[in-house]
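Please look at the sequence and the structure first.

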Amino acid sequence: MPQIQIPSPLRQYSGKQASINVPAKTVGEALAGLVSQHPDLKRHLYNDEGKLRTFVNVYVNDEDMRYLQKEATELKDGDTISIVPSIAGGGTI
Amino acid sequence: MATISDVKPAEALLSNDEILRYSRHLIMPEVGMEGQQKLKAAKVLCIGAGGLGSPLALYLTAAGVGTLGIVDFDVVDYTNLQRQIIHTTADVGRKKLDSAADKLTAINPYLNLRTFDTKLTSANALELFREFDIVADGTDNFPTRYLVNDACVLTGKPNVYGSIFRFEGQASVFATEDGPCYRCLYPEPPPPGLVPSCAEGGVLGILPGLVGVIQATETIKLILGQGDPLVGRLLLVDALGMKFRELKLRKNPDCPVCGTHRTITELIDYDQFCGIRGQEEPAGNDIPSISVEDLKKKLDAKADVFILDVREPHEYQICHLNGYLIPVGDLPKRVSELDSSREIVAHCKMGGRSAKAVNFLRRAGFTKVYNLTGGITAWAERIDPKMPKY
C-alpha cells in the first residue's frame with residue numbers, strides 16, 4: 001500500500017499523523033483517499049476548482065509528479081508519496 | 001557545475017597571518033592555497049542576520065570569505081535569542097547589523113564586511129546583487145523569497161536557499177546557469193490565510209543552525225568549485241525524525257522568470273504578488289471589538305462575560321485569562337459548546353485569530369460576541385504587567 005508523508009505544517013489536519021497508508025493505484029486516488037480520511041486537509045491541498053494548489057508539490061519517491069503523469073501516475077507497492085508545501089521561514093510566517 | 005565568474009583569486013594574496021589562520025584549509029587538496037584565495041576574493045551577500053543568517057555569516061567569516069554583505073533592518077529582541085546565535089542578551093535593542101558586525105570582525109579581522117541597513121526591495125535588489133557573486137537567502141517571508149529568487153535570476157547570481165518551519169527545513173541552490181529556480185519549484189506563494197499563522201508557527205531553535213550551516217557549506221562549495229552542489233536537488237531536513245531526504249528538482253521550461261518564454265523580465269511588487277497583509281492583523285474595523293480596559297471594567301463589575309480563548313492548548317499553558325479554550329481551528333465543530341445568549345469576548349495572542357472566530361460566530365448567529373483588541377498581549381502590556389508575554 002502506498003504511504004503518504006504528511007509535512008509538519010499540515011499534520012494538524014491529519015490527526016497529527018506523519019504518514020498515512022492509503023490503498024490506491026494512482027497518485028490521484030491516493031490523494032483522494034487521504035482527503036476522504038481527513039476532510040480538513042482538502043482545502044489545504046485543493047483550490048475551489050478542485051485542482052491541486054500550486055504551492056503544494058507532490059512527489060512519488062524522489063520525483064515531482066508534474067514530470068511523471070501527474071495525478072494519473074501509477075503507484076507500485078512500497079511507493080512513497082510526499083507532500084511538500086512551500087515554507088517561508090521561522091521568525092514570522 | 002556552477003562557478004563564480006568574476007572572482008580573481010590570483011589577486012587575493014594571503015599574508016603569513018592568514019596562512020596560519022587557514023592552515024586546516026590549506027593542507028586539504030580540495031581547498032589549498034588556490035581555494036583559500038578564491039574564498040578571499042569571493043563576495044557573498046547574506047539576506048538577513050536572523051536564524052539562518054547567524055550561522056551563515058559566522059561560518060563564512062570564519063572560513064575566510066573575503067567580502068560579506070549583510071542586508072537587515074531589524075533590531076535584536078529577546079525572542080530572537082533562542083536561535084539567532086550571532087546575537088547575545090546584551091545586544092537586545094541594538095541593530096542586528098551592529099551586533100553581527102561586532103561578532104564577525106572579532107572572529108576574523110580580515111573580513112571586508114559591508115552592511116546594508118535597509119529592507120530588500122524591488123527598487124534596490126538588482127543594484128545590490130550585482131556587487132556580489134553569490135546570494136544566500138536567510139529571509140523569513142514569501143515576498144522576500146520571490147524577490148531574492150527573481151533578482152538572482154535577473155542578475156545571474158546563484159541563490160543559496162534555506163527555509164525552515166517548526167521541525168522541518170529545506171535547502172537548495174537555485175538560479176545557477178542551467179539549474180532550476182525557486183519559481184520552478186513553487187510557481188506561486190500560498191495565499192494568505194492558508195499558511196499556518198503564528199498560532200501554529202514557531203521553530204525549533206537549532207533547526208536554522210542545521211539549515212544555515214548547509215547553506216554555508218553550499219556557498220563555500222560554489223566558491224571553491226568543489227563537490228556536488230544542491231543544484232537540481234531539494235534537501236528536506238526533518239529534525240524530529242532526524243531524516244535527510246532528497247527530491248529531484250527540474251528546471252521548468254514554462255517558468256515565468258527562467259523558462260524559455262519569460263514573462264517576468266524585471267522585478268515586480270512582491271507584497272502584491274503574495275497578497276500580503278500585516279502579521280496577524282486584526283481583520284478590519286467592522287469586527288465588533290472591546291478594549292482590554294473595557295473588559296477589565298466589566299470583569300471588575302462582575303458582569304456576565306464569557307471569555308472564549310481561541311489559542312492552542314500549549315499557548316494557554318503560558319498564560320491565560322481563565323477563558324474557555326477552543327482553538328480557532330476546532331470552533332466549527334465545537335460551536336455547540338457556546339451559549340449564544342451570553343456576551344462572549346473572544347481573544348487570542350494578538351487579535352488576529354479571534355477576529356476570525358468573531359466573524360465565524362457572527363455568521364453562525366451569535367450577536368453578542370466581541371473581539372478583544374490586541375489579544376492577551378495587550379492585556380499583559382496594559383492591565384497585568386506580571387503576565388508573561390510570548
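## Parallel sheet of chain B

Two strands pair if DSSP finds at least two bridges between them. Helices (H or I, at least four residues) and strands (E, at least two) are DSSP runs, numbered from the N terminus. In chain B, five strands make an open sheet with parallel pairing, in the order β9-β13-β12-β10-β11. Its edge strands are β9 (289-290) and β11 (324-325), each of which pairs on one side only.

Within chain B, strand β10 (residues 305-309) and strand β12 (residues 343-347) are joined in the parallel sense over five bridges. Here F306(B) has I344(B) in β12(B) as its bridge partner.

## Basis and confidence

This is a predicted model: local features need pLDDT of at least 70, side-chain atom pairs count only at pLDDT 80 or more, and totals for chains, interfaces and linings use all residues. Residues are numbered from 1 along each chain as its sequence is written, while chains are lettered from A and ligands numbered from 1 in the order in which they are written.

The model has an ipTM of 0.89 and a pTM of 0.86. For chain B the mean pLDDT (the predictor's confidence in each residue, from 0 to 100) is 92, and 93% of its residues reach 70 or more. Over residues 277-283 of chain B, pLDDT stays under 50, and the model has 18 contacts for them beyond four places in sequence. Two residues are in contact if their C-beta atoms, placed from the backbone, lie within 7 Å. Where pLDDT is low, the predicted coordinates should not be read in detail.

## Domains and cores of chain B

Chain B is split into domain 1 (9-273) and domain 2 (289-382); such bounds come from an automatic or database domain assignment. The C-alpha centres of domain 1 and domain 2 of chain B are 41 Å apart.

A residue is buried if 20 or more other C-beta atoms lie within 10 Å of its own, exposed if 12 or fewer, and partly exposed in between, with C-beta atoms placed from the backbone. A nonpolar core is a set of buried Ala, Val, Leu, Ile, Met, Phe, Trp, Tyr and Cys residues joined through C-beta atoms within 7 Å. The largest such core has 94 residues, and those with the most contacts inside it are V44(B), L45(B), C46(B), A57(B), V135(B) and C181(B). Another core, of 25 residues, lies apart from it and includes L308(B), L321(B), V345(B) and W379(B). Not counting residues up to four places away in sequence, A57(B) touches C46(B), A49(B), L68(B), I70(B), I86(B), A100(B) and L104(B).

## Buried elements of chain B

G69(B) belongs to strand β2 (residues 67-71) of chain B. It counts as buried because it has 21 C-beta neighbours inside 10 Å. Beyond four places in sequence, G69(B) has contacts with L45(B), C46(B), R114(B), F116(B) and F132(B).

Helix α3 (residues 32-41) of chain B has seven of its ten residues buried, so the rest of the structure largely encloses it. The buried residues of α3(B) are G35(B), Q36(B), Q37(B), K38(B), L39(B), K40(B) and A41(B). Their cover includes α2 (23-26), α4 (53-63) and α9 (207-224) of chain B.

## Antiparallel strands of chain B

Strand β6 (residues 168-174) and strand β7 (residues 233-238) of chain B pair in the antiparallel sense over four bridges, with Q170(B) opposite L236(B) in β7(B). β7(B) also has an antiparallel pairing with strand β8 (residues 243-248) of chain B, over six bridges, where D238(B) stands opposite K243(B). Four residues separate β7(B) and β8(B) in this hairpin, and M242(B) in the turn has a positive phi of about 45°.

## Chain A

Chain A has two helices and five strands, running β-β-α-α-β-β-β from the N terminus. Its five strands form an open sheet of mixed pairing in the order β2-β1-β5-β3-β4. At the edges of this sheet, β2 (19-21) and β4 (63-64) of chain A each have a single partner strand, so one side of each is without a neighbour in the sheet. Strand β3 (residues 56-60) and strand β5 (residues 80-85) of chain A pair in the antiparallel sense over five bridges; N57(A) has V84(A) as its bridge partner in β5(A).

Of the 93 residues in chain A, 38% are buried. The C-alpha atoms of chain A fill a box of roughly 40 × 25 × 25 Å along the principal axes.
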